[in-house]
Amino acid sequence: MALSDSDLTEIEKVLTAEEAGPVFAELRKRFPALSWTQCDASDVTEAPFRTYPRYDVHLLDTADHCAHITSDPGAATGVILARRSA
């Protein structure tokens, strides 16, 4: 599943909402075709695709045998949601 501009906008709305609830569960519900992983931002050494006040977003490409982080939304099959320290 490639991520469209509207998908990225919807993800941004969830991550920047004033009253953000359980964002990981909400994003998994809205985008069930994507693989979602959550971790601490310090666990990922690659530069994020997007950065928000509470989260870094990394795109994951799992199309080949080895999963890797990509900057191409068209190749993204998953998202790593990395929580930033306050």
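Me: How far is the sulfur of Cys66 from the closest cysteine sulfur?
Reply: A disulfide is a pair of cysteine sulfur atoms within 2.5 Å. Here the sulfur of Cys66 lies 19 Å from the closest one, in Cys39, so a bond is out of reach. By this rule the count comes to 0 disulfides. One thing to keep in mind: this is a predicted model, in which local features need pLDDT of at least 70 and side-chain atom pairs count only at pLDDT 80 or more, while totals for chains, interfaces and linings use all residues. Residues are numbered from 1 along each chain as its sequence is written, and side-chain values use heavy atoms, with hydrogens and water left out.

Me: Is Cys66 buried or exposed?
Reply: Look at the relative accessible area: buried means under 20%, exposed over 50%, and partly exposed in between (1.4 Å probe, protein chains only). Cys66 has 58%, so this residue is exposed. Cys39, with 23%, is partly exposed.

Me: Where does Cys39 lie, and which residues is Cys39 in contact with?
Reply: Helices (H or I, at least four residues) and strands (E, at least two) are DSSP runs, numbered from the N terminus. Cys39 belongs to strand β1. Contact means heavy atoms within 4.5 Å. Leaving aside neighbours within four places in sequence, Cys39 is in contact with Val44, Ile80, Leu81, Ala82 and Arg83. Take Ile80: Cys39 and Ile80 are 41 residues apart along the chain, yet their C-alpha atoms are separated by 7.4 Å.

Me: Which side chains have a polar contact with that of Asp56?
Reply: A polar contact is a pair of N or O atoms within 3.5 Å; within protein, one must be able to donate a hydrogen and the other to accept it, and residues adjacent in sequence count only if both atoms are side-chain atoms. The side chain of Asp56 has one of 3.2 Å with that of Thr51 and one of 3.1 Å with that of Arg84. Asp56 is found in strand β3 and is buried, with a relative accessible area of 8%. Not counting residues up to four places away in sequence, Asp56 touches several residues, including Ala41, Pro48 and Ile80.

Me: Now helices, please. How many residues has α1, and how far does α1 reach?
Reply: The expected span of a helix is 1.5 Å times one less than its number of residues. Helix α1 (residues 5-16) has 12 residues and reaches 16 Å from its first C-alpha to its last, close to the 16 Å expected.

Me: Which residues of α1 are buried?
Reply: Those are Asp7, Leu8, Ile11, Val14 and Leu15. They cover an arc of only 120 degrees around the axis, so they sit on the same side of α1; the arc is that of the directions from the helix axis to the C-beta atoms. The face turned away from this buried side carries the exposed residues Asp5, Ser6 and Lys13. The buried residues pack against α2 (23-30), β1 (35-40), β2 (50-51), β3 (55-61) and β5 (78-83).

Me: Last one: how many aromatic pairs does the structure hold?
Reply: A pair of aromatic rings is described by the distance of the centres and the angle of the planes. Rings of Phe, Tyr and Trp (its six-membered ring) pair if their centres lie within 6.5 Å; planes under 30 degrees apart count as stacked, over 60 as edge-to-face and the rest as tilted. The structure holds 1 such pair. The ring centres of Phe31 and Trp36 are 6.4 Å apart and the planes are at 45 degrees, so the pair is tilted. Phe31 is buried, at 3% relative accessible area, and Trp36 is buried too, at 9%.
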